[in-house]
Amino acid sequence: MPLLSSFTHILNNQMWDSLLQRYIFCVKHSIFKPFFVLLPVHFNDVFLILSKETTKKYGIMEKKPFILISNDDGYHSNGIHKLVDFVSGLGDVLVCAPESARSGYSCAFSAADFLRLKRRKDIGEAEVWSCTGTPVDCVKLALDQLCENRHPDIILSGINHGDNSTVNSHYSGTMGACMEGCMKYIPSVAFSSCFYNEDANLEPLRPYVERIVGKVLDKGLPKGTCLNVNFPAREKFEGIKACRMTWGSWINEVDKRHHLHGYDYYWMVGEYRNDEPDATDTDQWALNHGYVAITPTTVDVTDFKFLEQLRCDT
């Protein structure tokens, strides 16, 4: 019997239902690629081919990746709405983000105050929750309270409105959420745009975000490593550069003022200084030349070279 006619006969003949049921259990415990599934059902040397529609008919559903998203600009920000839109086609999305801006909170979490979660309006098909705490609190609460029946395949943070390259990554709440995911052994990626305007056009980032997230979902990341991705302040990019963090410093950071009531007060301000402007392998060089900068960042901050020296000295 030709394969095509066998296929049609098998799918249309109810006598095969009982045969199919024997294999449902095995199929349900596997993950299949979209559009079709091949099952080695040996009956007169004919292979049973299950279409996507057939898998739905028998309750054999394709398992989508589960994506958890947070940020430090708040659940309402343009950047997180865009990120949800960019990755919705890659999996099921859950959002848990601060109720308002939490920039500069790094890896801080709430140890001296209680936290609250509040259900917000969905972004497309993505379920959205806000949290009264920090970006790290959002990830911790989401994993404990909102992901009871499903473990995220990836954690994304952003898209931040502002540069998180160079030493900024150490202060960044966007990176804090990403690092928390990494410390939970979940592949994690932080996205930031050097456009500080919250109404900036982020649509040009779409293909790059889709590509990076797709690759991480497919290949994963090394244990203890997450990605810090920064986009230059432009709408057309020269490409992608994998690069190291730039050595830089913040200077003139304190603005001292005197209040009319007789006391001094201070604003944290500052200017960024690139301490290695001639280096061409850094994230700052990449951004300044129009490239998307990807910097692999590790949880383990051990200085292994100096560690060996210390061992020798002791």
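These legends walk you through several close-up views of one predicted protein model.

Residues are numbered from 1 along each chain as its sequence is written. Because the model is predicted, local features need pLDDT of at least 70 and side-chain atom pairs count only at pLDDT 80 or more, while totals for chains, interfaces and linings use all residues, and side-chain values use heavy atoms, with hydrogens and water left out.

View 1. Helices (H or I, at least four residues) and strands (E, at least two) are DSSP runs, numbered from the N terminus. Of the 314 residues, 42% are buried, where buried means under 20% relative accessible area, exposed over 50%, and partly exposed in between (1.4 Å probe, protein chains only).

**View 2. Nine strands form an open sheet.** Their order is S5-S6-S4-S3-S7-S8-S9-S15-S10, with mixed pairing; two strands pair if DSSP finds at least two bridges between them. S5 (117-123) and S10 (239-242) stand at the edges with a single partner strand each, so one side of each has no neighbour in the sheet. From one strand to the next, the twist averages 25 degrees.

**View 3. Helix H7 (residues 173-183) lies across several strands.** Those strands are S3, S7, S8, S9 (225-231) and S15 (291-298), and H7 runs at about 170 degrees to S8. Axes are lines fitted to C-alpha atoms, for helices over the stretch in contact (heavy atoms within 4.5 Å), and angles run from 0 to 180 degrees between N-to-C directions.

**View 4. S12 (residues 254-258) and S13 (residues 264-268) run antiparallel.** Five bridges join them, and Lys 256 has Tyr 266 in S13 as its bridge partner. The two strands form a hairpin with five residues between them, and Gly 262 in the turn has a positive phi of about 100 degrees.

**View 5. Glu 276 sits in the loop between S14 (271-274) and H9 (283-288).** Glu 276 counts as buried because its relative accessibility is 17%. A polar atom of its side chain lies 2.7 Å from the backbone nitrogen of Trp 247. Leaving aside residues up to four places away in sequence, Glu 276 touches Arg 244, Met 245, Thr 246, Trp 247 and Thr 282.

**View 6. Helix H10 (residues 304-313) is hardly covered.** Among its 10 residues, the count of buried ones is zero. Asp 303 caps the N-terminal end of H10, with a side-chain oxygen 3.3 Å from the backbone nitrogen of Lys 305.

Note on methods. A polar contact is a pair of N or O atoms within 3.5 Å; within protein, one must be able to donate a hydrogen and the other to accept it, and residues adjacent in sequence count only if both atoms are side-chain atoms.
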